[in-house]
Amino acid sequence: SAPRGRLLGLLLGGRRGSALGGLCLPIAPRGVPPSAVLTDHLVVYFEGQPNTCPAWVYRLQVDTAELRLINGANRTFSEIAEAATEPYHLLMNAGMFHRLGKPVGYFINDAPRRLFSEVNTDSTQRGNFFMVPNGLFYLDSTGQPGLATPPAFLAQGLDTVPLQLATQSGPMLLMDGAYHPAFRSHSNSRHIRNGVGLRPDGTVVFICTADPVNFYTFATMFLEEGCPNALYLDGAISGMYISGITADLNWFKVGYGPVLGVVLKE
């Protein structure tokens, strides 16, 4: 297999007394201002084989922020933000959806249970969602994050217990450190992509690329971030809004289905 991507540059800041250190380099995705160094947000530039791709990386500790899953219902980020009672620090699309914003797969928000779609185990249709295995990202009843394939999710009975949130998409990018078997390092299928990964310590990692990238290189980014498990959420229309970092909310004109939002705790 091709070697993993090499981290070329890093912009890193530390709010609220963060112990993280950082190096400020003039390498960043387009549209990211120098103020990025003043935030919790990480901007990285990956050099992989065979692609080089800038990406926005957002690392989240669930005990320092509230993670919400929003039924976008074909609304834009700005429309979602306007309807919120608290300001979002992060908004990112969180899965594939049918016309008018209905999620393709399992979707639960508003704890303890507000179910919009059942677990989708169909493998007969074409498209990224149906590249077996796909997966589910969820927060359990205690707020701890998890990633699981549909068979594992159902075997654990997670569809029958109160979850704080759950969204299904696909394909899985990484499973216990292994690439999805359908990925090819030199694939020419390249799109802007976004996804979610999970570190062993419970850190949730969101990545949205700034340029088109293939699945293999996108999965490699999560390996670089220490995530043995990662899930693809969507592509082409992918967007990540970070307050004070990425473009103004009004820049994101696309209507989304599932959307993940982060509200920072005081």
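Trainee: Strands are DSSP runs (E, at least two residues), numbered from the N terminus. With that settled, where is the place of phenylalanine 183?

Mentor: This is a predicted model. In it, phenylalanine 183 lies in the loop between strand 12 (178-179) and strand 13.

Trainee: Is phenylalanine 183 buried or exposed?

Mentor: Phenylalanine 183 has a relative accessible area of 7%. Buried means under 20%, so this residue counts as buried.

Trainee: Which residues does phenylalanine 183 touch, leaving out those up to four places away in sequence?

Mentor: The contacts are Met131, Pro171, Met172, Leu173, Phe215, Tyr216 and Ala219. Asparagine 214 is 31 residues from phenylalanine 183 along the chain, and their C-alpha atoms are separated by 8.6 Å.

Trainee: On to strand 13. How does strand 13 pair with strand 14?

Mentor: Strand 13 (residues 193-198) and strand 14 are antiparallel, with five bridges between them. In one of these pairings, asparagine 194 has cysteine 208 of strand 14 as its bridge partner. The two strands form a hairpin with five residues between them. Glycine 202, in the turn, has a positive phi of about 95°.

Trainee: How many residues of strand 14 are buried?

Mentor: Six of the six residues in strand 14 (residues 204-209) are buried.

Trainee: Which residues sit on each side of strand 14?

Mentor: In a regular strand, side chains alternate between the two faces of the sheet. Val204, Phe206 and Cys208 are on one side of strand 14, while Val205, Ile207 and Thr209 are on the other. Both faces are covered.

Trainee: Changing topic: what is the order of strands in the open sheet of four?

Mentor: The order is 4-17-5-16, and the pairing is antiparallel. Strand 4 (65-75) and strand 16 (240-242) stand at the edges. Each has a single partner strand, so one side of each is left without a neighbour in the sheet. From one strand to the next, the twist averages 15°.

Trainee: Over how many bridges do strand 4 and strand 17 pair?

Mentor: Strand 4 pairs with strand 17 (residues 256-264) over eight bridges, in the antiparallel sense.

Trainee: And which residue in strand 17 is the bridge partner of isoleucine 70?

Mentor: Valine 259 is the bridge partner of isoleucine 70.

Methods
Residues numbered from 1 in each chain as written. Predicted model: local features only at pLDDT ≥ 70, side-chain atom pairs only at ≥ 80, totals over all residues. Heavy atoms only, no water. Pairing = 2+ DSSP bridges. Axes fitted to C-alpha atoms, helices over the stretch in contact; angles between N-to-C directions. Buried < 20%, exposed > 50% of the residue type's maximum accessible area, 1.4 Å probe, protein only. Contact = heavy atoms within 4.5 Å.
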